[in-house]
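Subject: Model for your files

Hello,

The structure is pasted below, and my notes on it follow. Please read them with the model open.

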There are 2 protein chains.
Amino acid sequence: MLRTAVLVSGGGTNLQAIIDGVRDGQITNTELVKVISNKAGVKALERAEKAGIPTAVVSKKGYASIEEFNDALLSAIDDASPDLIVLAGFLVVLPEKLVKKYSNKIINIHPSLIPSFCGVGYYGLRVHEEALKRGVKVTGATVHFVDEGCDSGPIILQKAVEIQQDDTPEILQKRVMEQAEWKIMPKAIDLIANGRVTVVDRKVKVDLR
Amino acid sequence: MLRTAVLVSGGGTNLQAIIDGVRDGQITNTELVKVISNKAGVKALERAEKAGIPTAVVSKKGYASIEEFNDALLSAIDDASPDLIVLAGFLVVLPEKLVKKYSNKIINIHPSLIPSFCGVGYYGLRVHEEALKRGVKVTGATVHFVDEGCDSGPIILQKAVEIQQDDTPEILQKRVMEQAEWKIMPKAIDLIANGRVTVVDRKVKVDLR
């Protein structure tokens, strides 16, 4: 069983897709061992509790410095002894120590087709605002391993989503979640849990069977 | 009838898709008035002749300076009085005078989902090499209006294409042509010919009917 910790910051819709995937058997060989939020009282924590998953809150507010916060976050993760850490809308830049310690064991979902609309400053609704501003007709989502850069790690899965002419950032965000994020994130976890994902030369190879 | 000139440099497979589209009625209200190549003896010219389209060759070799070449190219285009200029694998940077004169009347096909893998240096097989090097799982093609920048003009149509794990740049190039380029380029011309494309605030609006 792949011990999986999920890091969240808000609503937790991607977390819910993962919980549902484990429950429905779309994600196999996976145990959700902990949900960690950097904000107290968010819906994601509620979803975790309802699913019987242990939760923890590590908030910047609770610590005097970013270093202490980083150490607390690392401790909260280490305590769960995870094989995989899933960033599901986690709006905190991970400490380098954490990224190095869990090299190729942290995955993130990004709401665009990397390398489009990614990197520093591209998160949440902002990504969709920029896509609409550029007038692209196709966007999507990407699940990737997290490395020291921003959205620069090896890509595991991507899925394209068509943009409609009357899209607002909010409408587009919802469609990208429904048609791409909630599909490829559970799928990526299942592939990893079943030993079907390897990283060679910074590129991901999936055992297609 | 939209008087359409097509600029080519080589094999002319996109030109062939356009010729076929006009013949089969997929592209309506369009007359192919001239095919201009910057290289003599290329297959694209053969395809044009076979389809009964007037051809011209304007080669850099024939002129003492880039300015003279640019003027000759502009003349060859002006002579055809085109309403639309289609760059179908035309590997020459267009003179600024030409771009300004035919503002929003020049379209180009680029073999990626802009803004990924585009800009200076990204042309032909190179685009696919870079996509495979980055390890993306989805690529595609883009038809866009040409402006003063490189691949920066308003996007008309895009189509996604999945990358397979054993793809070489050559195999990927062929799939992107077949599944995307040869579909969206004829479609874009038909939309323009039927007055269904407008550019507002550097974004393309398509009348969907």
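**Contact between the chains**

Between chain A and chain B the count of salt bridges is zero, a salt bridge being a side-chain nitrogen of Lys or Arg within 4 Å of a carboxyl oxygen of Asp or Glu. Before the rest, the conventions: this is a predicted model, in which local features need pLDDT of at least 70 and side-chain atom pairs count only at pLDDT 80 or more, while totals for chains, interfaces and linings use all residues. Residues are numbered from 1 along each chain as its sequence is written, chains are lettered from A and ligands numbered from 1 in the order in which they are written, and side-chain values use heavy atoms, with hydrogens and water left out.

Polar contacts do occur: 15 residue pairs between chain A and chain B, both residues at pLDDT 80 or more, are in polar contact. That term stands for a pair of N or O atoms within 3.5 Å; within protein, one must be able to donate a hydrogen and the other to accept it, and residues adjacent in sequence count only if both atoms are side-chain atoms.

On the side of chain A that touches chain B, helix H5 (125–134), strand S7 (155–162) and strand S9 (203–206) each supply at least two residues. S7(A) gives the largest share, six residues. Helices (H or I, at least four residues) and strands (E, at least two) are DSSP runs, numbered from the N terminus. By class, this side of chain A has 14 nonpolar, six polar and seven charged residues. Here Ala, Val, Leu, Ile, Met, Phe, Trp, Tyr, Cys and Pro count as nonpolar, Asp, Glu, Lys and Arg as charged, and the others, Gly among them, as polar.

The contact (heavy atoms within 4.5 Å) takes 27 residues from chain A and 27 residues from chain B. Together the chains bury about 2,000 Å², 51% of it on carbon and sulfur atoms. Of the area that chain A buries against chain B, A:Arg134, A:Lys137 and A:Gln165 supply 31%, more than any other three residues. Buried area is the accessible area (1.4 Å probe) that two parts lose on being put together, summed over both.

**How the copies are related**

A rotation of 180 degrees with 0.0 Å of shift along its axis superposes chain A on chain B, with RMSD 0.0 Å. The two copies are thus related as by a two-fold rotation axis. In chain A, the C-alpha of A:Ser116 is the nearest to the axis, 2.6 Å from it. The superposition is by least squares on the C-alpha atoms of residues with pLDDT of at least 70 in both copies. Of the interface residues of chain A, 100% are also interface residues in chain B, so the copies meet through the same surface.

The buried residues of H5(A) are A:Val127, A:His128, A:Glu130, A:Ala131 and A:Leu132. Buried means under 20% relative accessible area, exposed over 50%, and partly exposed in between (1.4 Å probe, protein chains only). These residues pack against strand S5 (106–110) and helix H6 (169–193) of chain A, together with strand S9 (203–206) of chain B. Just after H5(A), A:Gly135 takes a positive phi of about 75 degrees.

A:Val138 lies in strand S6 (residues 138–145) of chain A and counts as buried at 8% relative accessibility. Leaving aside neighbours within four places in sequence, A:Val138 is in contact with residues of both chains, among them A:Leu113, A:Ile163, B:Leu113 and B:Gln158.

**Backbone points to check**

Most residues other than glycine have a negative phi, and most peptide bonds are trans. The peptide bond from A:Ile114 to A:Pro115 is cis, with omega near 15 degrees; A:Pro115 lies in the loop between S5 and H5 of chain A. In chain B, the bond from B:Ile114 to B:Pro115 is cis, with omega near 15 degrees.

A:Ser81 has a positive phi, near 40 degrees. This residue lies in the loop between helix H3 (66–78) and strand S4 (84–87) of chain A, and is partly exposed at 44% relative accessible area. B:Asp201 has a positive phi near 55 degrees, sits in the loop between strand S8 (197–200) and S9 of chain B, and counts as exposed at 62% relative accessibility.

Regards
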